[in-house]
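Please prepare a short briefing on the architecture of the protein assembly shown here.

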Amino acid sequence: MKQNPILDSHPQRIIAKNKEREAKYNLVKAILLDIFFVFYTIIAVQRAIYYKFILDLRELPFSWGEIGIIFIISVIIGTTWALTKTSLSCKLFGVAKDNKVTRWTVEIFGWVLFNVTFIAGWVVTKLSLVDLFSAEGIEGAQRIFGALFQPEMGIFDDALFAIIETIYIALLATLISIPPTLILSFFTARNLMRDNKISFAVYYILRIVLNFVRSIEPLIWAIIFSVWVGIGPYAGMIALLVHTIASNAKLYSEAIENIEEGPVEAISATGANKIQIVWYAVVPQIMLPFLSFTIYRWDINVRMATVIGLVGGGGIGTMLMQYQGLARWHEVGLIVLMIAFVVWVMDYISAKIREAIY
Amino acid sequence: MILEVQNLHKIYKNGIHALKGVSFGVNEGEFLVIIGLSGSGKSTLLRCINRLIEPTSGKVIFLGKDITHIKGEELRKVKTQIGMVFQQFNLIRRRSVITNVITGRLGSLGTFDSLLEKFSEEVYNDANKALETVGIGEKAKERADSLSGGQQQRVAIARSLMQNPKLLLADEPVASLDPATSNSVMQYFEKINKELGTTVICNLHFLSLVRRYASRVIALKAGEIIYEGIPDEIDKNWFKTIYGEEAEEVEIR
């Protein structure tokens, strides 16, 4: 049998080359990460611990020159440190020398990094047990808890209508989201889109757009749409709808990516076309996960809809905000109890339904 | 000659060189068995023949036509003529047996009708006949995943029969079945080969099955053909060459 010498040497050469390139990239990554670590440590120690905690300054001094100097110092220290191949980042990216120096630096610097972060976090969040347990604080807590546990029943009918509005906002957002989510999920499933360059580009762009939409909280979307279509339940519904489509498209497409490949292979071997393959080999495998995600999302949306009401998205949240603004804690108490009850019921029902369909 | 494979190479993206210049021919009506260890390239070879995998270089000639580089509609037409049966059966679990069998005909059905699952009387008759051929006509209405392993594999064979295939590929069709069931499933391949005259290429592990069913044998080792001949000529020495020094032949009846 004739052997092809170029083909034979091919694979080994590629593997060796890839390994070399990977090592080079990892060292670059390690240098960048070390620079960041050093920069972060200096800034955290200087600003949070020295200025705020030790000097107890109210207004922190800020100058770009100072930051610039710190950055240059970090670049020098970080680069030198990474190039000795004994740094924390070298260890993380697997390019470190395996010796005592590495172990010591990793251990000491890891410990420093953790403590600096914890102390800086403490200072920044103004964590103070004094405020929590001062006489004044306790008195305020008594006032509000007392009111919350004596709910004002006079507004019960208004609150009931408001909470029904909230449930409908959530339900409609979930229902309308289903068709666009279904379509999007097929176009954002890697295993269906990787075959040619055009479909892969579509996949990639859609993924970026959806990630962007999803990374903006429904609360922010509600603010945007309350300016766009006016304050009220409609704005709240659209806000939830947008976020639901983006997050469920991700979940759906992951379900598609996790299907068994066997049936797909078998159906495509019969000469079926792409649409037939999806309908017969993919769809039956994803029906149940899709249904389960959608029901769960309705449950999430009820909770979100109450929060969205706070920024003008309609429903019980808007009502809560109004009474909170007037400091009428007895009314607030009733609303909070009703929200808690509805959320608990929704949670229970959705869990039961999801259990039943599996 | 129904199929001709010429100097076929396959290098996967991760660098594995699965086929290293494989060449052979298959005559109409043959029952060709391919043997070899796991990882010897048997599955890759079958998938290169019906283009589930793209070969890196070389040629596949089916019914006198070079099908190595055809695409789209043309490739689908060729695929409808080549049936395939898999080790894991690869049925649609949640659907009925009859629907699973009908999927074998999808290549020659309209997209719209198949989405509505509107099939003609003729398609149903053919599907029932295919199920009769593999002896499970009474299971048509049951869900595919309620059947036993051997029965599921027979459904998969019925599915490939719906294609009226010129060539039937079988990738270790009995490797996940028990010995008794293995033999009964192999008998259906024999029946299709003898009665319908379908050419069969089958990957197998057990030499006793090979001796019983094969009309010709090819042995693969590390992506190369190291033996080609009739099954009775595989003696102890050949067996050790194919499966390694420590291998011991086990019987399966």
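The briefing below takes these topics in turn. The model is predicted. Chain A is divided into two assigned domains, chain B contains a mixed open sheet of six strands, and the count of disulfides over all chains is zero.

**Domains of chain A**
- Domain 1 of chain A covers residues 7–127, and domain 2 covers residues 144–357.
- Between the C-alpha centres of domain 1 of chain A and domain 2 of chain A the separation is 39 Å.

**Sheet of chain B**
- The strand order in the open sheet of chain B is β6-β7-β8-β3-β9-β10, with mixed pairing.
- At the edges of this sheet lie β6 (82–85) and β10 (224–229) of chain B, each of which pairs on one side only.
- From one strand to the next, the twist averages 20°.
- Within chain B, strand β3 (residues 31–35) and strand β8 (residues 199–203) are paired in the parallel sense, over four bridges.
- Opposite Leu32(B) stands Ile201(B), a residue of β8(B).

**Cysteines**
- No disulfide is counted in any chain, the criterion being a pair of cysteine sulfur atoms within 2.5 Å.
- Cys48(B) is in no disulfide, since the nearest cysteine sulfur, that of Cys202(B), is 18 Å away.
- Cys202(B) is likewise in no disulfide, and its nearest cysteine sulfur is that of Cys48(B), 18 Å away.
- Cys48(B) is buried, with a relative accessible area of 0%.
- Cys202(B) also counts as buried, at 0% relative accessibility.

Note on methods: Residues are numbered from 1 along each chain as its sequence is written. Chains are lettered from A and ligands numbered from 1 in the order in which they are written. This is a predicted model: local features need pLDDT of at least 70, side-chain atom pairs count only at pLDDT 80 or more; totals for chains, interfaces and linings use all residues. Side-chain values use heavy atoms; hydrogens and water are left out. Domain bounds come from an automatic or database domain assignment. Buried means under 20% relative accessible area, exposed over 50%, partly exposed in between (1.4 Å probe, protein chains only). Two strands pair if DSSP finds at least two bridges between them. Helices (H or I, at least four residues) and strands (E, at least two) are DSSP runs, numbered from the N terminus. Axes are lines fitted to C-alpha atoms, for helices over the stretch in contact, and angles run from 0 to 180 degrees between N-to-C directions.
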